[in-house]
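Try each task yourself before reading its solution.

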Amino acid sequence: MADEIKYEHKTVRTVRGTDGLVISKMRKDGWELVEQSQGTLRSALHFRRPKKPLPWLLIGLAAAVLVILALVIGAASGSHA
């Protein structure tokens, strides 16, 4: 379960004939074409790309700093009372 890749999905609707331009632009941005649905005038392109992992170390560090800051402010306000 930990090695399972999670994806974010995006659907782009284009005018038929411009599909190639949209696909190449999205591939440059890291998207992978999953499915292409042809309509009479428009096409629907379904893309996916791996989700970027959350920086849990940075989030934990920020939370620790906020807790320490709250303790310092609480101690400072308590000593002046």
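Predicted model: local features only at pLDDT ≥ 70, side-chain atom pairs only at ≥ 80, totals over all residues.

Residues are numbered from 1 along each chain as its sequence is written, and side-chain values use heavy atoms, with hydrogens and water left out.

**Exercise 1. Work out the order of the elements and say how spread out the protein is**.

Step 1: count the elements. There are two helices and three strands, taken as DSSP runs numbered from the N terminus (helices are H or I, at least four residues; strands are E, at least two).

Step 2: read them off from the N terminus, and you get β-α-β-β-α.

Step 3: check the spread. The radius of gyration, taken over C-alpha atoms, is 24 Å, well over the 12 Å that the globule rule (2.2 Å times the number of residues to the power 0.38) gives for 81 residues, so the protein is more spread out than a compact globule.

Step 4: look at the dimensions. The C-alpha trace spans about 75 × 30 × 20 Å along its principal axes.

**Exercise 2. Find which residues of helix α1 are buried and which are exposed**.

Step 1: go along residues 19-28. Asp 19, Val 22, Ile 23 and Met 26 come out buried. They cover an arc of only 100° around the axis (using directions from the helix axis to the C-beta atoms), which puts them on the same side of α1.

Step 2: turn to the other side, where Leu 21 and Lys 28 are exposed.

Step 3: ask what covers the buried ones. The cover includes β1 (7-15), β2 (32-38) and β3 (42-50).

Step 4: Gly 30 follows α1, and its phi is positive, near 95°.

**Exercise 3. List the residues of the largest nonpolar core**.

Step 1: apply the rule: buried Ala, Val, Leu, Ile, Met, Phe, Trp, Tyr and Cys residues joined through side-chain atoms within 4.5 Å.

Step 2: collect the members. The seven are Val 12, Val 22, Ile 23, Met 26, Trp 31, Leu 45 and Phe 47.

Step 3: sort by element. Two or more residues come from each of α1 and β3, and α1 gives the most, with three.

Step 4: zoom in on Phe 47. Leaving out residues up to four places away in sequence, Phe 47 touches (heavy atoms within 4.5 Å) residues including Val 12, Ile 23, Met 26 and Trp 31.

Methods: Buried < 20%, exposed > 50% of the residue type's maximum accessible area, 1.4 Å probe, protein only.
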